[in-house]
Amino acid sequence: MYQLSNINIARHGRQLLSIEKLNIAPHGLNVILGHNGSGKSTLLKVLAGQLKPDQGDVRLASQDVYQLSPRALARHIAYMPQQIPQPTLLQVRELVKLGRFAWRGWLERWQADDHQWVDAAMTAADISHLAEHALHEISGGERQRAWLAMLLAQNAPMLLLDEPSSALDLAHQYQLMTLLRQQADRQSCTVIAILHDLNLALRYADRIIALHSGKIWFDGSPAQLLAHPNLHDLYGIALDILPRDGKHAVAVVA
């Protein structure tokens, strides 16, 4: 269980995040929604142990996240930031192999399963054919998928992704969400992803956490969000909800 309590972050007199309580279960696909500047990336950085709040408590399995070493934290959490670094001289396979650092460090001998994790991650992210390419030789969407493969190779029980579909074409967006759905269906695996596409969230998420002005505006299932009487307030635009195939609904601008 991941537990946040009494979280407050302010910068230059502006409240960026104010959360009284938030618990994340050790399984499932959680999507964070909200307008630009609502606090989504700030919340994800707190969850990833990358940003310490001005006030509050962040605990992972009863441990203070900020007391964990970087390597220990990496064994629990794999994190993809919104702006991914661009180490241009690195080949794709070398980047993916960095995901095993949490388990092997720089000096320990690699085991057979380390190579298996790297190969499986590259296959899952559909980048095996790019293994020997330098990162600067591939597209932004391909680099995003390479970073996803590195996270998968890390084999952490929690995946945190900040707008992982932003540079992907339509086909790879759905491939990504299907992959994240599969990861979340594994026993004791949690995925938390920031998305801008409401329909992707409605289709794939178990739980949606919507932020507004740094506070939790909604926390529940996709069905509960669709039934929210003030859904239009989330983005400040009128939406129509259209039923589709008896299972999924689609939100469109009214």
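Begin by selecting isoleucine 32, which stands opposite isoleucine 194 of β8. Here strands are DSSP runs of E of at least two residues and helices are DSSP runs of H or I of at least four, both numbered from the N terminus. The model is a predicted one, in which local features need pLDDT of at least 70 and side-chain atom pairs count only at pLDDT 80 or more, while totals for chains, interfaces and linings use all residues. Residues are numbered from 1 along each chain as its sequence is written, and side-chain values use heavy atoms, with hydrogens and water left out.

**The sheet**

Then colour the open sheet of six strands, whose order is β6-β7-β8-β3-β9-β10 and whose pairing is mixed. At its edges are β6 and β10 (215–220), each of which pairs on one side only. Neighbouring strands of this sheet are turned by 15° against each other on average, direction ignored; axes are lines fitted to C-alpha atoms, for helices over the stretch in contact, and angles run from 0 to 180 degrees between N-to-C directions.

**Helices on the sheet**

Show α6 next, which lies across β6 and β7 (158–162) and runs at about 175° to β6. Helix α7 (residues 170–185) also packs on the sheet, where it touches β3, β7 and β8, and its direction makes about 130° with that of β3. Contact in this sense means heavy atoms within 4.5 Å.

**The pockets**

A pocket is an open set of points on a 1 Å grid over the protein atoms alone, where a 1.4 Å probe fits and protein lies on both sides within 12 Å along at least five of seven lines, and its lining residues have an atom within 4 Å of a point. The volume is the space filled by probe spheres set on the points, which are joined across faces, edges and corners.

Of the 27 residues that line the largest pocket, Gln50, Ala74, Tyr79, Met150 and Gln154 are the closest to its centre. Two or more lining residues come from each of α2 (70–76), β6 (77–80), α4 (101–104) and α6 (140–154). By class, this lining has 22 nonpolar, four polar and one charged residues, where Ala, Val, Leu, Ile, Met, Phe, Trp, Tyr, Cys and Pro count as nonpolar, Asp, Glu, Lys and Arg as charged, and the others, Gly among them, as polar.

Move on to the second largest pocket, with about 180 Å³ of space. Its lining is made of 15 residues, and Gly37, Ser38, Gly39, Lys40 and Thr42 lie nearest its centre. The elements β2 (14–24) and α1 (40–47) each give two or more residues to this lining, which divides into one nonpolar, 11 polar and three charged residues.

Select serine 62, in the loop between β4 (55–60) and β5 (63–64), where phi is positive at about 70° although the residue is not a glycine. Serine 62 is exposed, because its relative accessible area is 59% and exposed means over 50%, buried under 20% and partly exposed in between (1.4 Å probe, protein chains only).

Asparagine 155, in the loop between α6 and β7, likewise has a positive phi, near 55°, and is partly exposed at 23% relative accessible area.

Last, pick arginine 203 in helix α8 (residues 198–204), which counts as partly exposed at 33% relative accessibility. Arginine 203 and tyrosine 174 lie 29 residues apart in sequence and 10.0 Å apart in space, C-alpha to C-alpha.

Terms used:
Pairing = 2+ DSSP bridges.
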